[in-house]
Amino acid sequence: MFGGGGGLNPRKMKQMMKQMGIDVTEIDAEEVIIRTADHDLVFEGAEVTKMDARGQETYQIVGEPSEQAHGELESADDGGDADDGDDGGIPQDDIDIVVARTGASEDDARAALEANDGDLAAAVSQLE
């Protein structure tokens with residue numbers, strides 16, 4: 001009835017979007033995670049497109065998500081470091097920084113960070 005293959009030519013569509021001031025960029029994403037109040041939606045190998053229309057950025061995700069409970073990602077991402085669970089939530093990188101700056105032991109650095117609610121500068125100051 002309309003002829004032309006049932007859709008817009010992708011090149012023509014790109015040209016029209018450019019004329020309207022919309023820039024489209026493909027993003028080479030390995031993984032996209034959407035955190036909700038109840039669970040995480042994890043898209044592995046999703047196609048992600050960023051559209052910038054006069055400063056307003058919009059992201060489009062195409063793929064099939066898997067649903068994961070909160071906390072499953074953290075245990076899978078940390079490389080199996082068993083020390084992370086009992087350090088009071090202090091990142092190992094922060095502990096390493098305090099140790100490097102002060103020469104204190106890891107236990108002393110962790111204690112100083114915990115006493116100062118994770119504040120690096122305060123922990124370093126306390127130990128110097």
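Predicted model: local features only at pLDDT ≥ 70, side-chain atom pairs only at ≥ 80, totals over all residues.
**Entry 1**

Areas are Shrake-Rupley values with a 1.4 Å probe, and for residues only the protein chains shown count as cover. Residues are numbered from 1 along each chain as its sequence is written, and side-chain values use heavy atoms, with hydrogens and water left out.

Where does Leu-8 lie? I found Leu-8 in the segment before α1 (10-19). Leu-8 is exposed at a relative accessible area of 52%; my cut-offs are under 20% for buried, over 50% for exposed and partly exposed in between, with a 1.4 Å probe and protein chains only. I then checked α1 itself: one of its 10 residues is buried, so α1 lies largely in the open. Just after α1, Gly-21 takes a positive phi of about 85°.

**Entry 1: the whole chain**

I counted five helices and six strands in the protein chain. These are DSSP runs numbered from the N terminus, helices being H or I with at least four residues and strands E with at least two. Read from the N terminus, the order is α-β-β-β-β-β-β-α-α-α-α.

Of the 128 residues, 18% count as buried. The accessible surface comes to about 9,400 Å², and carbon and sulfur atoms hold 49% of it. I also looked at contacts (heavy atoms within 4.5 Å). Among those between residues at least 6 apart in sequence, 39% join residues at least 24 apart.

**Entry 2: strands, and a salt bridge on a hairpin**

I followed β3 (residues 40-44) next. Strand β2 (residues 31-35) runs antiparallel to β3, with five bridges joining the two; I call strands paired if DSSP finds at least two bridges between them. The two form a hairpin, with four residues between β2 and β3. β3 is also joined to strand β6 (residues 66-68), again antiparallel, by three bridges. In that pairing, Leu-41 has Glu-67 of β6 as its bridge partner.

Which residue of β3 stands opposite Arg-35? It is Asp-40. Their side chains also meet in a salt bridge, 3.6 Å from N to O. My rule for a salt bridge is a side-chain nitrogen of Lys or Arg within 4 Å of a carboxyl oxygen of Asp or Glu. I checked the cover on Asp-40: at 1% relative accessibility, it counts as buried.

**Entry 3: the other salt bridges**

By that rule I get three salt bridges. Glu-57 pairs with Lys-50, and their closest N and O atoms are 3.5 Å apart. Both ends are partly exposed, Glu-57 at 39% and Lys-50 at 23%.

Asp-107 pairs with Arg-110, with 3.6 Å between the closest N and O atoms. These two are three residues apart in helix α4, so about one helical turn separates Asp-107 from Arg-110. In general, an α-helix has 3.6 residues a turn, so residues three or four places apart point the same way.

I listed the largest nonpolar core: Ile-90, Ile-95, Val-98, Ala-109, Ala-112, Leu-113, Ala-123 and Val-124, eight residues in all. A core here is a set of buried Ala, Val, Leu, Ile, Met, Phe, Trp, Tyr and Cys residues joined through side-chain atoms within 4.5 Å. α3 (92-102), α4 (106-115) and α5 (120-127) each supply at least two of the core residues. The largest share, three residues, comes from α4.

I looked up what Ala-123 touches. Leaving out residues up to four places away in sequence, I get Val-98, Ala-112, Leu-113 and Asn-116.

**Entry 4: positive phi in two loops**

Most residues other than glycine have a negative phi. I noted Arg-54, which is not a glycine but has a positive phi of about 55°. Arg-54 lies in the loop between β4 (47-53) and β5 (56-62), and it is exposed at 74%.

Asp-117 has a positive phi too, near 50°. I found Asp-117 in the loop between α4 and α5, exposed at 74% relative accessibility.
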